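Have a look at the fold first, then read on.

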Amino acid sequence: MSSKKWRLISVFSFCVMTIGIKEMSDNVNSFQIIFFRSLIGLLTILIFFKNKLSRPTFFIIKEHLFRNIFHLIGQYGYIVGIIYLSLAEVTAIEFSVPIWILIIASVLLKEELTKYKVMSIILGFNGVLIIIRPGFGVINTNSIIVLLSAISYAIAHASTKKLTKKYKPLDIVFIMCLIQIPISFGLTITDINLPNLRDFSFLLIVGISAITAHFTMAKAMMDDDISSIISIDYFRLPILIFLGILLYKENFNAAYLTGGTLIFVGNWINKKSTK
């Protein structure tokens with residue numbers, strides 16, 4: 001399957017996961033969602049794909065720990081955003097991930113920071129400013145949390161790209177679950193709330209769609225650069241704006257679309273310059 005098809009499946013999976021989190025966020029806390037998501041993902045892999053796994057060792061766990069700490073932070077911030085902000089705002093802010101990736105990849109992966117990448121960063125940064133609107137009243141703390149989540153995701157994505165050179169996508173996702181289960185359980189143990197049947201159904205949806213999303217993204221990263229992989233993710237913005245209005249009566253805010261478009265143009269310039 002081509003990298004583009006893997007990316008499209010990843011986009012669809014992330015949209016499903018987002019709606020699933022939104023539906024149960026009133027009754028299940030953030031770290032508990034992460035715990036069940038990781039547990040369901042681990043069981044799914046063990047039941048259906050056990051024979052395709054490599055034998056994990058302590059060395060492998062150690063190499064993946066850095067990626068997963070930042071990925072867990074990113075997940076927490078993203079879930080907080082889904083709970084307290086509109087789907088459009090969360091998604092628009094999250095689209096700053098490629099901008100942070102350009103900076104982080106130049107450090108972690110030693111990628112050259114060209115004039116086009118600098119232009120992309122400037123456009124993207126201005127897009128973020130339009131979305132969070134500093135200077136126009138009080139900045140929403142939850143918006144800042146989602147922005148920090150985007151930076152954490154960028155570090156995790158850059159680490160994923162580095163790991164795909166040495167490990168199979170299924171191993172990366174499997175080890176992600178192994179690491180995040182005990183950490184998220186430890187963070188939620190004092191506030192455990194057993195999900196009802198409806199919430200558990202959405203936890204299953206979130207767990208399975210998360211595995212699909214991360215597996216397909218890792219597959220795409222094996223054959224493509226990070227900025228190309230993340231750029232197609234912009235399809236999520238109009239999809240989630242529409243679903244937010246349709247399902248949750250969220251108001252349309254032109255600032256989210258304008259800021260998201262600026263970020264998209266910045267990444268489009270960078271993508272074109274690499275061809």
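What follows goes from the whole chain down to a few single residues.

This is a predicted model, where local features need pLDDT of at least 70 and side-chain atom pairs count only at pLDDT 80 or more, while totals for chains, interfaces and linings use all residues. Residues are numbered from 1 along each chain as its sequence is written, and side-chain values use heavy atoms, with hydrogens and water left out.

**The whole protein**

The protein has 12 helices and zero strands. (Helices are DSSP runs of H or I with at least four residues, strands are runs of E with at least two, and numbering starts at the N terminus.) Of its 275 residues, 54% are buried; buried means under 20% relative accessible area, exposed means over 50%, and partly exposed is in between, using a 1.4 Å probe and protein chains only.

Contacts are heavy atoms within 4.5 Å. Among contacts with a separation of 6 or more, 89% join residues 24 or more positions apart.

The largest nonpolar core has 65 residues, and M17, I21, M24 and I45 have the most contacts inside it. Such a core is a set of buried Ala, Val, Leu, Ile, Met, Phe, Trp, Tyr and Cys residues joined through side-chain atoms within 4.5 Å. Q32 lies in helix α2 and counts as buried, at 2% relative accessibility.

| Residue | Contacts (within 4.5 Å) |
|---|---|
| I45 | K50, L53, L170, V173, F174 and I211 |
| Q32 | T188, D191, I192, N193, L194 and P195 |

Helix α11 covers residues 236-248, and its buried residues are R236, L237, L240, I241 and G244. They span an arc of only 125° around the axis, so they sit on the same side of α11; the arc is taken from the directions from the helix axis to the C-beta atoms. The face turned away from that buried side carries the exposed residues P238 and F242. Just after α11, K249 takes a positive phi of about 55°.

**On the surface**

L43, L46, I47, F48 and F49 make a nonpolar surface patch of about 500 Å². F49 is in the loop between α2 (30-48) and α3 (58-84), and is partly exposed, with a relative accessible area of 33%.

Key:
Patches are made of residues with over 30% relative accessible area and no salt bridge: like charges are joined within 9 Å, nonpolar side chains (Val, Leu, Ile, Met, Phe, Trp, Tyr) within 5 Å. Accessible areas come from the Shrake-Rupley method with a 1.4 Å probe; for residues, only the protein chains shown count as cover. A salt bridge is a side-chain nitrogen of Lys or Arg within 4 Å of a carboxyl oxygen of Asp or Glu. Lists of a residue's contacts leave out its neighbours within four places in sequence.
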